[in-house]
Amino acid sequence: MNWNFIFFVNSAALGIGLAMDAFSVSLANGMNEPDMGKGRMAMIAGVFAGFQFLMPLAGWLCVHTIATMFSAFEKAIPWIALILLLYIGIGMIRESRHEGEEETSKAADFSALLVQGVATSIDALSVGFTIASYDALSAFAASAIIGIETFFICLAGLMLGRVFGMKLAGKASVFGGIILIAIGLEIFISGVFF
């Protein structure tokens, strides 16, 4: 595999496309926690970036080892993403009823953040098929580009979400939950019907 301009453009385009779900979830997290500090923002963006980096590599590995099992699993990806994001989104909406009781609420604890990371990056497993012709180093480089882009795109989503969260005050959790449910439905509809 040649590391030429097209390789970098293709990797960057994949990264932007894959990061959109993570961007939307970051937006929801920022809305839910408008007083989020820089360290927490970096941690959240890092979790999403880590999953977006690992999933294409896992898909590439599956193509080169257990491709038949992976192709059967690929049909379940939209269902898994839908279930995970519905669960998190409904939970955020439920928690919004109790927001007045606590002064601040965190967008997501670490376990919920891991679930969000899996839900928003599970479709990146399919990228393993796209980069199947790459050697291991090229697959690693493409995945690293995807992960780095995701990190910065998620930071932007968190910052934008914080701004909206401050303006929306008590309604931020409801809007965040609705966004997550909408993302889950979008992944499901595009994965099953298109």
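1. A residue is called buried when its relative accessible area is under 20%, exposed when that area is over 50%, and partly exposed in between. In this predicted model, Val 118 has a relative accessible area of 25%, and it therefore counts as partly exposed.

2. Val 118 belongs to helix H5, which covers residues 110-121. Apart from neighbours within four places in sequence, Val 118 is in contact with Phe 51, Met 55 and Leu 84. Gln 52 stands 66 residues away from Val 118 along the chain, yet the C-alpha atoms of the two are separated by 8.7 Å.

3. Which residues have the most contacts inside the largest nonpolar core? They are Phe 48, Leu 85, Tyr 134 and Leu 180, in a core of 38 residues. Two or more residues come from each of helix H1 (5-32), helix H2 (38-65), helix H4 (77-96), H5, helix H7 (136-168) and helix H8 (172-193). The most is given by H2, with nine residues. As general background, nonpolar side chains in soluble globular proteins tend to be buried together.

4. Residues up to four places away in sequence are not counted here; beyond them, Phe 48 touches Ala 22, Val 25, Ser 26, Asn 29, Leu 113, Gln 116, Gly 117, Thr 120, Thr 150 and Cys 154.

5. Cys 154, one of the residues that Phe 48 touches, has 0% relative accessibility and so counts as buried. Cys 62 is also buried, because its relative accessible area is 17% and the limit is under 20%.

6. How many disulfides does the structure hold? The number is zero. A disulfide is a covalent bond between the sulfur atoms of two cysteines.

Conventions: Residues are numbered from 1 along each chain as its sequence is written. This is a predicted model: local features need pLDDT of at least 70, side-chain atom pairs count only at pLDDT 80 or more; totals for chains, interfaces and linings use all residues. Side-chain values use heavy atoms; hydrogens and water are left out. Helices (H or I, at least four residues) and strands (E, at least two) are DSSP runs, numbered from the N terminus. Buried means under 20% relative accessible area, exposed over 50%, partly exposed in between (1.4 Å probe, protein chains only). Contact means heavy atoms within 4.5 Å. A nonpolar core is a set of buried Ala, Val, Leu, Ile, Met, Phe, Trp, Tyr and Cys residues joined through side-chain atoms within 4.5 Å. A disulfide is a pair of cysteine sulfur atoms within 2.5 Å.
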